[in-house]
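Biologist: I'd like a close look at the aromatic pairs in this one. Could you walk me through them, and then show me what else sits around them?

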Amino acid sequence: MNKKEMKKYRDILMEKKENLSTELTRREGETLKKSQRDLSGDLSGYSLHMADVATDNFDREFALSLFSNEQDIMYEIDEALERIENGTFGNCELCEKPIAEKRLNALSYARNCTPCQEKEEKKKKIKR
């Protein structure tokens, strides 16, 4: 991959990182720094109905799951930026062949080419 292409993907990754960082900060403020009472809007000292508590818990768990997924993507972006710096970006980590431009355009932090990624996902399914 030439320097112009590397710069293109670096710019894409930096923009994604900035957007994701903003989203993580927003989500953290909305979900993680508030108590369950604050999230439910209950200002009274009375307990909530069990169904309301269950719904609130589900919503909080869902938000935490999204937050965790976004943190994982942030890690992958940082790793891709590191690969750009050391000149290995765009090559599959398993077979070392170039990753298709179409794949990198769709998933700019991809570590593996499509065939190798499919093999890895099949291995994970078998282990489950």
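Modeller: One cut-off before we start: a residue counts as exposed when its relative accessible area is over 50%, as buried when that area is under 20%, and as partly exposed in between. Keep in mind, too, that this is a predicted model.

Let's get our bearings. The protein has five helices and zero strands, so going from the N terminus the elements simply read α-α-α-α-α. Of its 128 residues, 23% count as buried.

Now to your rings. How many aromatic pairs does the structure hold? There are two. Take Tyr9 and Phe89 to begin with: their ring centres are 5.5 Å apart and the planes meet at 45°, so this pair is tilted. Where do the two partners sit? Tyr9 belongs to helix H1, which covers residues 3–32, while Phe89 is in the loop between helix H3 (50–86) and helix H4 (101–106). Because of that, the pair ties together parts that are 80 residues apart in sequence. Buried or exposed? Both Tyr9 and Phe89 are buried.

The other pair is Phe58 with Phe62. Here the ring centres are 6.4 Å apart, with the planes at 15°, so the pair is stacked; the cut-off for pairing is centres within 6.5 Å, and planes under 30 degrees apart count as stacked. Phe58 and Phe62 are both in helix H3 and four residues apart, so about one helical turn separates them. As for cover, Phe58 is exposed, because its relative accessible area is 57%, and Phe62 is partly exposed, with a value of 48%.

Back to the loop that holds Phe89, between helix H3 and helix H4. Most residues other than glycine have a negative phi. Glu96 is not a glycine, yet its phi is positive, at about 65°. What is its relative accessible area? For Glu96 the value is 63%, so this residue is exposed.

With a relative accessible area of 83%, Arg128 is exposed.

Terms used. Residues numbered from 1 in each chain as written. Predicted model: local features only at pLDDT ≥ 70, side-chain atom pairs only at ≥ 80, totals over all residues. Heavy atoms only, no water. Phe/Tyr/Trp six-rings, centres within 6.5 Å; stacked < 30°, edge-to-face > 60°. Helix = DSSP H or I, 4+ residues; strand = E, 2+ residues; numbered from the N terminus. Buried < 20%, exposed > 50% of the residue type's maximum accessible area, 1.4 Å probe, protein only.
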